[in-house]
Amino acid sequence: MTKKIIAANWKMNKTNKEAKKFFKEFNPKTKNDIMFFVPFTMLSTVKKEGYMTGAQNFYHAKNGAFTGEISLEMIAETGACSVLVGHSERRTLFRETDEMCNLKIKAALERGYCVVYCIGETLAEREGNKTEAVLKKQIQKGLKDVTVHNHLIIAYEPVWAIGTGLTATVEQIRDTHAYIKTLVDVPLLYGGSANEKNCKEIFSIPNVDGALVGGASLDPVKFSQMVGYDK
Ligand code: PGA
């Protein structure tokens with residue numbers, strides 16, 4: 001199997017103490033690329049373990065009166081070189097729009113970050129046959145005026161599959177990834193209840209270049225298995 005990009009999204013989970021315990025038990029035997037998107041307070045801790053790290057959020061401005069926000073320059077100090085943009089939890093819970101995603105993507109790419117841009121449809125949109133239109137809009141608006149794509153990754157995460165235990169079917173992933181590749185030709189991750197049991201099948205689908213993993217990435221044994229643990 002060709003090398004995959006496997007990104008953990010820890011969301012708002014774990015303390016530094018818990019992260020250190022995780023890495024005592026995390027034992028991947030793999031040639032896959034592993035990235036950890038962890039809370040800001042843990043970025044340095046995880047970097048010290050020797051893994052690529054990324055921030056789950058940031059503000060696009062360089063600096064200034066933006067109480068509570070974190071800039072890309074501040075994130076760079078931790079050694080992180082990637083950022084997540086457009087996760088469905090940020091879009092729904094924190095009202096982030098495609099336009100806000102676009103500002104973030106442009107700022108991060110300009111500063112040399114690798115950007116993982118998340119897109120995905122809701123269940124109502126899929127059932128209403130609107131999946132392709134929704135993804136096209138998220139890509140067109142999110143990537144407006146973005147001309148250089150070599151540090152860009154897209155994560156296709158059907159909203160209805162995130163944290164629900166429901167995974168998109170092989171056919172749904174195959175068709176949707178093929179469609180997204182016609183719009184933008186960059187590495188494409190699948191996300192939404194991916195775990196150590198279903199990852200082999202998901203990774204064998206054409207145009208799946210890796211996975212963005214929430215729940216299953218919190219468990220060191222499961223995540224080791226997912227990224228290629230072969231004990
Ligand atoms: P999940 O989360 O693997 O728990 O469904 C994926 C994500 O939100 O990126």
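Is Thr53 buried or exposed? In this predicted model, Thr53 is buried, because its relative accessible area is 1% and the cut-off for burial is under 20%. Thr53 is found in strand E3, residues 52-55. Leaving aside residues up to four places away in sequence, Thr53 touches Phe36, Leu43, Val46, Lys47, Gly79, Ala80, Cys81 and Ser82.

The strands form a closed barrel. Eight strands take part, in the order E1-E2-E3-E4-E5-E6-E7-E8, and their pairing is parallel. From one strand to the next, the twist averages 25°. Strand E1 covers residues 5-9 and strand E2 covers residues 33-38. Five bridges pair E1 with E2 in the parallel sense. Within this pairing, Phe36 in E2 is the bridge partner of Ala8.

Helices pack on the sheet. Helix H7 (residues 131-142) touches strand E5 (114-119) and strand E6 (152-156). The direction of H7 makes about 150° with that of E5. Helix H10 (residues 220-227) also packs on the sheet, where it touches E1, E2 and strand E8 (210-213). Between the directions of H10 and E1 the angle is about 160°.

Strands E6 and E7 run parallel and are joined by three bridges. Ala155 stands opposite Leu189 in E7. In a regular strand, side chains alternate between the two faces of the sheet. Strand E7 spans residues 188-191. Leu188 and Tyr190 point one way from E7, while Leu189 and Gly191 point the other way. All of these E7 residues are buried.

The largest nonpolar core has 58 residues. Those that touch the most other members are Trp10, Phe36, Tyr117, Ile154 and Phe223. Helix H5 (residues 98-110) gives the most to this core, with five residues. Another core lies apart from it and holds 12 residues, including Phe37, Cys114, Ile153 and Leu212.

Phe36 has contacts in several parts of the chain listed here. Beyond residues up to four places away in sequence, Phe36 touches Ala8, Trp10, Phe22, Phe23, Phe26, Val46, Tyr51, Met52, Thr53, Gly54 and Phe223. Phe36 counts as buried because its relative accessibility is 0%. Phe223 is likewise buried, with a relative accessible area of 0%.

Aromatic pairs come next. The count comes to 16 aromatic pairs. Phe22 and Phe36 form an edge-to-face pair, because their ring centres are 6.0 Å apart and their planes stand at 85°. Phe22 lies in helix H1 (residues 16-25) and Phe36 in strand E2, so the pair ties together parts that are 14 residues apart in sequence. Both Phe22 and Phe36 are buried. Phe36 and Phe223 also form an edge-to-face aromatic pair, with 5.8 Å from centre to centre and 70° between the planes. This pair links distant parts of the chain, with Phe36 in strand E2 and Phe223 in helix H10, 187 residues apart. One aromatic cluster is formed by Trp10, Phe22, Phe23, Phe26, Phe36, Tyr51 and Phe223.

Lysines also sit over rings. Lys14 lies over the face of Trp10, at 5.2 Å from the ring centre. The charged end of Lys104 is placed over the ring of Phe58, 5.3 Å from its centre.

Two helix residues complete the account. Tyr179 is in helix H8, residues 170-183. Tyr179 is buried, because its relative accessible area is 17% and burial means under 20%. Not counting residues up to four places away in sequence, Tyr179 touches Glu132 and Lys136. Tyr179 and Glu132 are 47 residues apart in sequence, and their C-alpha atoms are 7.5 Å apart in space.

Glu110 is found in helix H5. Glu110 is exposed, because its relative accessible area is 67% and exposure means over 50%. Glu110 and Val146 are 36 residues apart in sequence and 9.7 Å apart in space, C-alpha to C-alpha.

Methods: Residues numbered from 1 in each chain as written. Predicted model: local features only at pLDDT ≥ 70, side-chain atom pairs only at ≥ 80, totals over all residues. Heavy atoms only, no water. Core = buried A, V, L, I, M, F, W, Y, C linked by side-chain atoms within 4.5 Å. Buried < 20%, exposed > 50% of the residue type's maximum accessible area, 1.4 Å probe, protein only. Helix = DSSP H or I, 4+ residues; strand = E, 2+ residues; numbered from the N terminus. Contact = heavy atoms within 4.5 Å. Pairing = 2+ DSSP bridges. Axes fitted to C-alpha atoms, helices over the stretch in contact; angles between N-to-C directions. Phe/Tyr/Trp six-rings, centres within 6.5 Å; stacked < 30°, edge-to-face > 60°. Lys NZ or Arg CZ within 6 Å of the ring centre and 35° of its normal.
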